[in-house]
Structures are given as C-alpha cells and as structure tokens.
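Biologist: Could you take me through this model, starting with its pockets? I shall ask as we go.

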Amino acid sequence: MARFIRTVLFLPPGVEQDEVTEDMILPGSNIVVGPYAGHSQIKEVEFVKSSAKAKDCPKDDKPEFAILGRSNVGKSSLINALVRKKEVALTSKKPGKTQLINHFLVNKSWYFVDLPGYGFAKAPDAAQMNWSTFTKGYFLNRETLVGVLLLIDASVPPQKIDLDCANWLGRKNIPMTFVFTKCDKMKVSKGRRPDENIRNFQELIRENYNKHPPWIMTSSVTGLGRDELLLHMSQLRNYWDQ
C-alpha cells in the first residue's frame, strides 16, 4: 500500500514534489505535512446553531470544514472522536437523523459543519428531496468553506452514491478530503478488507481527477487517524486564513 500512496501524494501549499521525504507523509494517508501545519488540538467546542437554509448559516467569516457522508457512514461517531466529547453530534440509531446544517464553533476560531447524510432510506420523502437542494446551495454559496471532509465507509466496496457525490464536488471545484471510516474492521462480511476497498475506490476516483484529492484512514473506535486528520485540517485552515 505504501507504494500506491506515493504515486498519488497530496501536496499542501508551500511544498514541492522534490522536497517530500518519507517522514513528511502522514501515516495511513497520502497527505504531506507542509509549512502551514500548526496547532491542531481541539480545546473547546460550542454548538452555535442549526440552519434549514444556507443563507441562515453564521455570517462571521470564520473558516469552516463541512462533514458529509452517506447515512450510517459513522459521521457522528467521527465528530465525537475528533472533539473527544460525546453527544456533540446527534448520534442516533436511526440513519438520516441530521436534516439541518449544524454549526459547531471550535476553539472560538473555526467551524465544524455537520451536514445531512445522503442516501438515507427512512427519512421523510420531502427530506430526501431537499437534501440536494439546500446542501448543494450551501456548497455553492459558502465563501468561508475551506474544504469538505467526505466520509467513505471502508468496510464495504465502493458505492455509486459516494462516487456520484465526490464527482459532483469535483466538478464544482470544491476542495475535499476523503476520510475513510471504520478502518478497524479488518474482517468484513463483503469479503474485502478496508485497504482493498480504499484502493478500489481511489482507482475509480482517479479517472475523474488530474490531481488526486487528499485521503486518510480513520477509526472512531481505535482513534486511528484522529491527530493526523486534525493536523491536515490545520494546514488547510492556516493557509486559507492568511
């Protein structure tokens, strides 16, 4: 897998390909750490508001990362693992519970934005219809959006709905990072291990991108990738902030 990673490295601002050394690559990812990486630990998190429309979101110009994923991908669990607080995101046994744009202020300086999951089967039809309308409106009109963390379930083979979402974001030139979840599940019912599913997903994605987006393996159970993902977000945020 290491050889595969090196062929599709994500170079952050301030780093040239010929400057990259092995110790600059974050473990379990294709992400190179550059000069903009800085303080990344989360000290405090505050829920600010839920918005039904993009125009109702906070207007204080703080940078933000939107977290997006198929229903049941482990989005709430990952948010809770990143901030190390339970119940920051609304964890529910019923997929599709998050149907608003939820802003959480981190360290009084930037936002996590918890977006509705797509592809949920048990939400009302109206809610399913509205996903594309108001979520796409958020992506296209949010100038403070630093990037999207697109969560992909590594315990199952690539799903068309994830590929469609990734390709839509790509066509709109919206920066994204693929965050592979459930990477602790080394034995899965579908017959393939997470690293095989990740490799297959990336092969499909590469057909549509000149530059491969950054990606990282995570587990909210073991904490895999937590600190690395926060460090990656810090360098994107600090570059955006300058």
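Predicted model: local features only at pLDDT ≥ 70, side-chain atom pairs only at ≥ 80, totals over all residues.

Biologist: What is the volume of the largest pocket, and which residues are closest to its centre?

Modeller: Its volume is about 730 Å³. Among the 29 lining residues, F10, K211, H212, P213 and P214 are the closest to the centre. A pocket here is an open set of points on a 1 Å grid over the protein atoms alone, where a 1.4 Å probe fits, with protein on both sides within 12 Å along at least five of seven lines; lining residues have an atom within 4 Å of a point. The volume is the space filled by probe spheres set on the points, which are joined across faces, edges and corners.

Biologist: How many of the lining residues are nonpolar, polar and charged?

Modeller: There are 20 nonpolar, seven polar and two charged residues. Ala, Val, Leu, Ile, Met, Phe, Trp, Tyr, Cys and Pro count as nonpolar, Asp, Glu, Lys and Arg as charged, and the others, Gly among them, as polar.

Biologist: Changing topic, how many disulfides are there?

Modeller: The search of the whole structure finds zero disulfides, a disulfide being a pair of cysteine sulfur atoms within 2.5 Å.

Biologist: Is C57 buried or exposed, and C183?

Modeller: C57 is buried, at 2% relative accessible area, and C183 is buried at 5%. Buried means under 20% relative accessible area, exposed over 50%, and partly exposed in between (1.4 Å probe, protein chains only).

Biologist: How many aromatic pairs are there?

Modeller: The count comes to nine aromatic pairs. One of them joins F65 and W110 edge-to-face, at 5.9 Å centre to centre and 85° between the planes. This pair links distant parts of the chain, with F65 in strand 2 (residues 64-69) and W110 in strand 4 (residues 110-114), 45 residues apart. Rings of Phe, Tyr and Trp (its six-membered ring) pair if their centres lie within 6.5 Å; planes under 30 degrees apart count as stacked, over 60 as edge-to-face and the rest as tilted.

Biologist: Are F65 and W110 buried or exposed?

Modeller: F65 is buried at 1% relative accessible area, and W110 is buried at 2%.

Biologist: Which residues do ring pairs link into a cluster?

Modeller: The cluster consists of F178, F180, F201 and W215.

Biologist: Where is D61, and is it buried or exposed?

Modeller: D61 lies in the loop between strand 1 (45-51) and strand 2. D61 is exposed, with a relative accessible area of 60%. Although not a glycine, D61 has a positive phi of about 65°.

How values were computed:
Residues numbered from 1 in each chain as written. Heavy atoms only, no water. Helix = DSSP H or I, 4+ residues; strand = E, 2+ residues; numbered from the N terminus.
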